[in-house]
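Please walk through this structure with the text below as a guide. The account takes up a pair of helices and then a group of strands.

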Amino acid sequence: MRAVLALRRRPDTPARERVPLVLDGEGLSLVDARIDGKPLAPSAYRVEADTLVVPDVPQRFEFETVSRLSPTANTSLSGLYLSNDNFFTQCEAEGFRRITWFADRPDVMARYRVTLRAPRERWPVLLSNGNLVASGPCDGSGDGGPARPGWHWATWDDPFPKPSYLFALVAGRLAVTERRLRTRSGREVLLQVWVEPGNEARTGHALEALERAIRWDEERFGLELDLDRFMIVAVSDFNMGAMENKGLNVFNAKYVFADPRIATDQDFAAIESVVGHEYFHNWTGNRVTCRDWFQLTLKEGLTVFRDQEFSADMLAARSASPAAAASARAVKRIEDVRMLRSAQFPEDAGPMAHPIRPDSYQEINNFYTVTVYEKGAEVIRMLQTLVGREGFRRGMDLYFRRHDGQAVTCDDFVAAIADANAIALERFGRWYSQAGTPRVRARGRHDAQARRYVLELEQHCGPSPGQPEKLPFHIPLAVGLPGPDGRDCPLRVLEERDGALHALAPRTEAGAHGHTVVLELVEARQVFVFEDVAEAPIPSLGRNFSAPVAIEIERDDAQLAFLAAHDSDPFNRWEATQRLAVECVLAIVAGADPARRCAPLADVLRRMLVDESLDPAFRDQVLVLPSEGFVAEQLPVVDPVALRDARNALRRTVADALAAQWAASLAALRDDGPYAPDPVAAGRRALANTVLAWWVETQSPEAIATAAQRFDHAGHMTDRAGALHALLRTPARERDDALARFGEAFADEPLVLDKWFALQATMHRHPGDAPVLARVRALLAHPAYSARNPNRVRALVGSFCNGNLAEFHAADGAGYAFWREQVLAIDALNPQVAARLARALDRWRKFTPDRQALMRTELERVAAHAPLSADVREIVGKALAA
């Protein structure tokens, strides 16, 4: 690898100060080093602790290095590596230093010109960032270097300065699907998706999603593609979902291949979302990047918000009516919040809790977290709620005018939003510096004589590592007041301050349903008074999940059922059903009779199931119970087996209560038409498969036979996987038969086998079944399993350790021993993947004392192991220190 750096000292460096040149490098063997073409003597530089130091350098010079590296031995998939005999790179966060010597940090922005040379027969496609400027055979002319028969070359030039983490190259035997697009300004650009030969037919959806993302960014934010071409390359071995390298995005194949035979509706939606996310980084992350890695949420939180808005807009645009569009947006919001609560809320309560802008880290790869990404997106959403959609656009425009081509901070972004809208956001900055999930406690009282409803709100946030006390957050809380007739009361609101009432002009949340106002909480306690409220309402708080907080308010089953039936905000209708379900599980854990305790929930679900005025996708969300992990967070001490038993008792009780309804509902959702991934059809399929799983829960022979028949005759993966998932709810022979045939039918489809591995790793054990861990251990020996492939590790080992609460936390501790074995084995190959797996035990203090002792033993054994990567050491160290 030959690299030539054009360097100059910073203008503010004193002329007499001799600052050495210090470059990062990891796993490199330095062959040659030159300044302005003159070789450096060995005494003129030194290599130490993964750095190259040259003490004496001129004011301005070219520094040339030739280094030797081994992509074939690179199992970490960071830097330059080989996958299926093709070369790929992954440079975020610190992978470029594994390719060549460089000041590998995000605020060092430079223009890159890259020339690749390779044997044409073996690696016929040569790609890098930016625009292709020249190519040809290595015949001794042009940039091909010395004549080499059978070799070829290509030179790429990126006209925009970028940090090293956005560098990319790809060399291999690849096929392309492409189309041309005319941008809003009239420029013609080339869009390409590169894949291994034979997969071209599976790229159409990704290519269409890319075009939709480009159009959406032009319309919503006025941002246009700035290169002559934009490329996506799919690879099977990849640590993450995708990478936004400037003009040359490298994608996990999981987020490119869309074919109804192998991909579900959820896969189609995820592909559109991830394609949008990586494209949107072209401006929020590439054109304006982060000054340092502490500012990671500047690009990731903002871009997750943008991809969420894109997905919601696309769902709405493909809906049949305004009402359906509103429902589609609500379903997307529910999906995002369900993920946030199941993954990020626990992170906020554990030893790895950190603000969305961390103030320290040992290994930056450990901070690509749901806090930085998903909670970061919620913080951006709150800014839009506070200033409105148009105000947010004004702020974005100002942000790019001020900072295009720069590496900046989160404070710079918030300042642009504040300045563009002439508002003060100083307290809002606490979302960036304080960890934890704020809790908002609400108490209301109605004064019938004065026709007033008084709402008292208090906020508090518990201690986090390094942050024993928190200041009040700036929380936008969207509020509505449904009256006894189910209709929202018109709202005129005042705030009680210093013993007096002050009129407010709160913002109405964009896209809000009914009468909704956004109250701004900035103090530990505030009191709001709603005028002209004739009858006592049942307050609807946090509509559309206006802030990432936990709301505490006393409600009985009747009030929750009322909100589920009448709240004008779809999100809070869903929220009421979720709260009912959580209360049922908690009560059963405490010893309540399932039949009696679950009757109100069963009645609510029955009414919503048969309500044809509700969108099928929304009804599906209502019927999906809160996850075991989410319910576990509501318990002070978790017994995973007792929790699973209680949740299963709820499922069986509700399933039996609605037994007469399942078959008819499934029949009403029958669709024999050709597959299409549109939101209406996808919603019907989702509801049908959820209904099927509920019906199988009754263990009815008819239900099991129906599931087996649907599995046999499914015309696409959505229904086939849905039927298989339903069959996993029964110990009947049809379950194991379907699993075996599924594995055989898709033995040559890696992405489908990932589903097969994950389904088995997350199975519930029925009477007579062997422990699921025994099945997982057996699958480790399956010829399709490879610990070198991150997708496969996540599907089998990750799904078991993170997604099968009761089986992983079996009382004998066998799951914890398995965790230790796998973390150490994978750490030797890929520390990033191992560190993600290591987090399965970071909440060990949440469990029963006997399990705590077993987990601590395994954590200590991992911590004492040598060698151990910095990635895993940080995770287990913080877990033990908590």
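Helices (H or I, at least four residues) and strands (E, at least two) are DSSP runs, numbered from the N terminus. Axes are lines fitted to C-alpha atoms, for helices over the stretch in contact, and angles run from 0 to 180 degrees between N-to-C directions. This is a predicted model, in which local features need pLDDT of at least 70 and side-chain atom pairs count only at pLDDT 80 or more, while totals for chains, interfaces and linings use all residues. Residues are numbered from 1 along each chain as its sequence is written, and side-chain values use heavy atoms, with hydrogens and water left out.

Helix α14 (residues 640–657) packs against helix α16 (residues 679–697) at an angle of about 95°, and their axes are 8 Å apart. The angle therefore makes α14 roughly perpendicular to α16 (65 to 115 degrees). On the α14 side, R651, R652, V654 and A655 make the contact; on the α16 side, A693, W694 and E697 do (heavy atoms within 4.5 Å).

Now to the strands, where two count as paired if DSSP finds at least two bridges between them. Strand β6 (residues 51–54) pairs with strand β2 (residues 21–24) in the antiparallel sense over 4 bridges. Strand β5 (residues 46–48) also pairs with β6 in the antiparallel sense, over 3 bridges. T51 in β6 stands opposite D24 and opposite E48. The hairpin of β5 and β6 has 2 residues between the strands, and A49 there takes a positive phi near 45°.

Which way do the residues of β6 point? T51 and V53 point one way and L52 and V54 the other, and all are buried (under 20% relative accessible area, 1.4 Å probe, protein chains only).

Methods: Parallel < 35°, antiparallel > 145°, perpendicular 65-115°, else oblique. Buried < 20%, exposed > 50% of the residue type's maximum accessible area, 1.4 Å probe, protein only.
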